[in-house]
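Look at the structure first, then read on.

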Amino acid sequence: MASEAVYTHRDPMLKKRDDFEDILEERRNSSDLRYALRCYIPVLYKELTPCKASELKSMVLQSDQLRYVINQVCKETGMAADEVQAEAAAILEEMAHRLQLSTIRFFAFTLSKVFKTLFRSICVNEEGIQRLQQAIHEHPVVLLPSHRSYMDFLLMSYILYTYDLALPVIAAGMDFMAMKFVGEMLRMSGAFFIRRSFGGDKLYWAVFSEYVKTMLKNGFAPVEFFLEGTRSRTCKSLTPKLGLLNIVMDPFLKGEVFDVSLVPVSISYERILEEALYARELLGVPKPKESTSGLFKARKVLSEDYGSIHVYFGQPVSVRSLAQNRVDRCQFNLIPRHIPRKPGEDIHSFVNDSAYRLVRAQEENMVLKPWVLLASLLLQNHHQMQVAEQKQEMALDELTEQAVWLRDLSRQYGAFLHWPDHVSPSEAVSSSLSLHRGLVRISEGRVQLAFEQGGQTRPGEPCSTVTPEEELLNQAVIILSCASYRNQALHIFLRPALLASAIHTASSSNKQEVYNSFSFLRNMFSNEFILCPGATVQDFEEACYLLVKTGALQINQQEFVVTERGHRTLGFLTRMLDPFLQGYQVVCRFLCEDATEGLTEKQFVPAVRKFIIRHILTGRLRYTEVLSSDLQKNSLAALLRLGAVQKLKGGEEQGTLKVNKVMVNSLEDTLGGKLPTQKAVVARL
Amino acid sequence: CGRQPGSIVGVHVHCYPNLCPYLFFFHRQEIMKWNGWGYSDSRFFFNKKGQAEFTGRRYRLSGLIIPGLKDWFESTFGASLQHKTPATVSPILNSSAVQPPTLNEAFVEELKSTGIPLSHDAEDRVFRAHGHCLHEIFALREGKFGRVPDMVVWPNCHNDVVKIVELACKHNVCLIPYGGGTSVSSALECPPEETRSIVSLDTSQMNRILWIDEKNLTAHVEAGIVGQDLERLLNESGYCTGHEPDSMEFSSLGGWVATRASGMKKNVYGNIEDLVVHVKMVTPQGVIEKSCQGPRMSTGPDVHHFIMGSEGTLGVVTEVTMKIRPMPEYQKYGSVVFPNFEQGVACLREVARQRCAPASIRLMDNEQFKFGHALKPQVSSIFTSFLDGLKKFYITKFKGFDPNRLCVATLLFEGDREKVLQHEKQVYDIAAKFGGLAAGEDNGQRGYMLTFVIAYLRDLGMDYYVIGESFETSVPWDRVLDICRNVKARIIRECKDKGVQFSPLSTCRVTQTYDAGACVYFYFAFNYRGLSDPVHVYEQVEHAAREEILANGGSLSHHHGVGKLRKEWMRDTISKVGMGMLKSVKDYVDPNNIFGNRNLL
């Protein structure tokens, strides 16, 4: 632990960020039609040999890599070569985009209309655009936007068109393609479709990876995909998926291009279109299958004020510099490069680390609105009042005071906070609340969460015709919606919060003890939050640095001392993490007490949900947000990772969960602070 | 040692001056520069009108004005004729700056009694203390001398060498064999940590052809002979070896063997390992040689391969039996212009696939094409240049070739007339399939000229803040384009990162084709105005470029060797076990490290 003492912290407040320009402003003042039809001459990759989308396909089909795999498949299956070839062509046909400018122009026109009604502004950092333009000229570029909404990729293409940048080709999930008309429109605006899972399908993988690589290497267009793999329903960043990142890094590792630029893009929505949809989905109302009419309906229903969008194009990250002193590229010297090989351990961990770095880069440039802080405070207050069995509301003045305190704290932690400094804090708070009037209600100077039934219900007390369970779920929709906003600020507070909780649960304030506890929690939550693998020490030091810098904590001879004013900070931080701590404990308890023999992974979420509802209704658990299936799945993943639960493979028991009750029990107790974090446990974890 | 500078076409392009008798070679510095490349009388300079001129009478370019060079030089490097950096010491070496020799008196006494010539004159010692790496020449121009040999000996024959090595072993003296001095791997640098007396063993007096065997087509030659002499003497009997490394004006047979040299015309004659039939080497353990001259043997690992590439760490090569060939009846140059480098490489690959490579085939990238253009001497006839203009028009406009992308391959065919013409047609037909356009013999010939003047040009650059170097690798065919692109880009990137103020020249060419790959040469030079330690920057960039080469599947060296410059990568290159094998040979052959130049291992 001491070995990393050289780790130097840059004061997060010194982070320099670009200014934003609102691109809708011009749209409100000039013709959308002229804009859609204007001359579009993007800067292209300097080594680009222009080629049409159709030529691209034949390049892919004739590539050495694909020919090799086709040959392999023939040998394995006994199929004729032209049959397999035809299959490959069909896969490609299904997958390939048909990017054409006219469709983009169509979207430029219609989206201008749509955006102007939905959003107050779409703000883009123009310096980032300039950096991107430079990057596109120099090297093949990969765009990596955060993924919070369906809007994301249309929005990206819209912005790139606006700034005369090369239009990207976008990896999209196959479910979009099911939407007949929209699917084709998206295809013509640059989307290419990939199946959600194609595990062992060698041919599919070969076509897919070669298609992406061919576009990338030739600089045909920037390749865009979502590192998180899917839209985050919780607004927390998701653990990155490595498949596509592996593919786009490969040409560099094999020397086929000099470098690849990865550009993280942070898209922050003040209000997310899918807000309530996500909450329902997390609560087990199944996600509606993407259908064209559904999308239109959604748009109609939601045609109200969604505030503003901030799109921040981050600093391009060079794969070459990421790989410097990390990857020995000589390992590709001894086998022809077109023969597909599973990436070795070192490559895997390199790609994984890079993925985390990129997601953190996305997080770092996410713009936070005051509402994010308000939601955090309101949720905490709601819970505290609930525990105290008081009315779950808060005086507006008090909320404002706390918000100002939290504003200053989050700025010290380096948050990219857009707080309107030109108006008084109370005005800033009021206007934020009014934008989210679906979630909060203000009456007589008091603020509370906007539960449909009004007033508060005590668990167990039936209320009119609605069953307690329905009532609970209705409340949970509001709570989870609020939580999704609070979650946007999690990455700011996460490390200090882990430290605060560690201090809280550790058996003493000895630095080593606290570190052990920190390390345990961090390990426990590494499926829940973005925590780079192997960076425990850095994270710990960072957390210490922030808490010490802000005067909340002192370190005297290896002892942590919480200062007078530190109690407020640490209290806030522990409360931030508390729902997760409780949630994980409940899941553990479920597995020990309630899980039936032969429980499968599929049955897990419904079963644990039932268990939790029961607990909440009987008052044994206060946190409604534990109902989030995201949290439940993450905790299961963590337990699987730690070996406390095993997933059986093969045979009739496929997917059955085998619970090591002793271990799960001890994890639960450790989480609850009942058991000290033993060194041995930490080491084993 | 074959670095590319030097006369390429030794025999064919430049007319030899009345060659100095061998005696002169005792003190080579009398006809050669001691702090630059080549002959003292041959150098580039900018005359009063600002036009480049090449002095002397030795080369085709000698005495001619090269009008395009100044513009190319200034625009490529951002250099200016106003900003000069002449060598800081006079052309005459200042002996007092050289460390006094550390002599092993007993050794010197015994050696004197053998009658073998020796010297501890400062000039003789400094001249043999270096090869032609940039940092070596740069230091000399600044009058800086590090550790230099303490003494020079000139054995006259194999037996002299045996005596010297015996005495060196007896008195624990460090021996460093010296052939032509064209090393570009720091192989000749004296290890600074060496405390023993260092003796430079100059093989230049062992320069006779001992016999020619016309029945077997072999010649037995003393290893100190210099390439151009060997060819000239063989030519007198109607033969040649065909081994023409670009350094052949100055490099020696023993040096070729010790570094695994490669010749321009290896496609017809083979590289040194293909040409050698028998080698005699004197080692501390005695003389190693095979008992017969059979053309191939299955007698365990070929001991010749311990000798070839040993870089002076095991002993001194004294005599070599080499294959010879009747002189070719007919030679023809040629050139092909391709729309871009990719097409050019594809064409070379196809030529290799069909195994129909001419004696030499080289592909230059666009930068080198332009460089070649800049080196055109002034022509007296308006008519010629008019035709040139037409040709340029035809290539750049008519065929739609982009002058900033096109590249040129130069060709040399050799053999009997009929076959040469047939061969030529075959190659041009292949080229046509890749968009190649025949561009005439003159362009081809001039292309080869570029090779031997480039080393002289480096000295010119060094007068104006420009330093540079070339280095080579070999790489499988499928990697050729990638390695060219990536290494060139890496050089540019590194220069920028290291604070070089001007964009560097970063260019390459494919110089040899093989069944399974090619040899690629990189040239790299930059204007160092504004840098406090240009050589250090240069070395960092070269180091990075080598790392890039290795990361892209290139070899550590195709024919320059390892020396001390590339030692750090040897273990990764040949594996730990491989290193152990080489070390154990060294330990057996030379347990006391008499051959202590510390190359390779």
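Phe115(A) is buried, because its relative accessibility is 0% and the cut-off for buried is under 20%. Keep in mind that this is a predicted model.

**Aromatic rings in chain A**

Phe119(A) is also buried, at a relative accessible area of 2%. A pair of aromatic rings is described by two things: the distance of the centres and the angle of the planes. A search of the whole structure, over all chains, turns up 43 aromatic pairs. Two of them are set out here.

| Pair | Centre to centre | Angle between planes | Type |
|---|---|---|---|
| Tyr40(A) and Tyr161(A) | 5.5 Å | 25 degrees | stacked |
| Phe115(A) and Phe119(A) | 5.9 Å | 55 degrees | tilted |

Why is the Phe115(A) and Phe119(A) pair tilted? Its planes stand at 55 degrees. Planes under 30 degrees apart would count as stacked, and planes over 60 degrees apart as edge-to-face, so the rest are tilted.

Now take the tyrosine pair. Where do its two partners sit in chain A? Tyr40(A) is in the loop between α2 (32-37) and α3 (53-61). Tyr161(A) is in helix α8, residues 151-162.

Ring pairs join Tyr35(A), Tyr40(A), Phe115(A), Phe119(A), Tyr158(A) and Tyr161(A).

**Arginines over rings**

Arg38(A) lies over the face of Tyr161(A), 4.6 Å from the ring centre. Chain A holds a further example: Arg231(A) lies over the face of Tyr150(A), at 3.7 Å from the ring centre.

**Two residues in chain B**

Move to chain B. Ser185(B) is in the loop between β6 (174-178) and β7 (198-202). Is Ser185(B) buried or exposed? Its relative accessible area is 2%, so Ser185(B) is buried. Which residues does Ser185(B) touch, leaving out those up to four places away in sequence? One of them is Cys133(B).

Arg458(B) is in helix α15, residues 441-462 of chain B. This arginine is buried, because its relative accessible area is 11% and the cut-off is under 20%. An unreviewed UniProt entry places the feature "binding site" at Arg458(B).

Note on methods: Residues numbered from 1 in each chain as written. Chains lettered and ligands numbered in written order. Predicted model: local features only at pLDDT ≥ 70, side-chain atom pairs only at ≥ 80, totals over all residues. Heavy atoms only, no water. Helix = DSSP H or I, 4+ residues; strand = E, 2+ residues; numbered from the N terminus. Buried < 20%, exposed > 50% of the residue type's maximum accessible area, 1.4 Å probe, protein only. Contact = heavy atoms within 4.5 Å. UniProt positions renumbered as here; feature names shortened; annotations may be inferred. Phe/Tyr/Trp six-rings, centres within 6.5 Å; stacked < 30°, edge-to-face > 60°. Lys NZ or Arg CZ within 6 Å of the ring centre and 35° of its normal.
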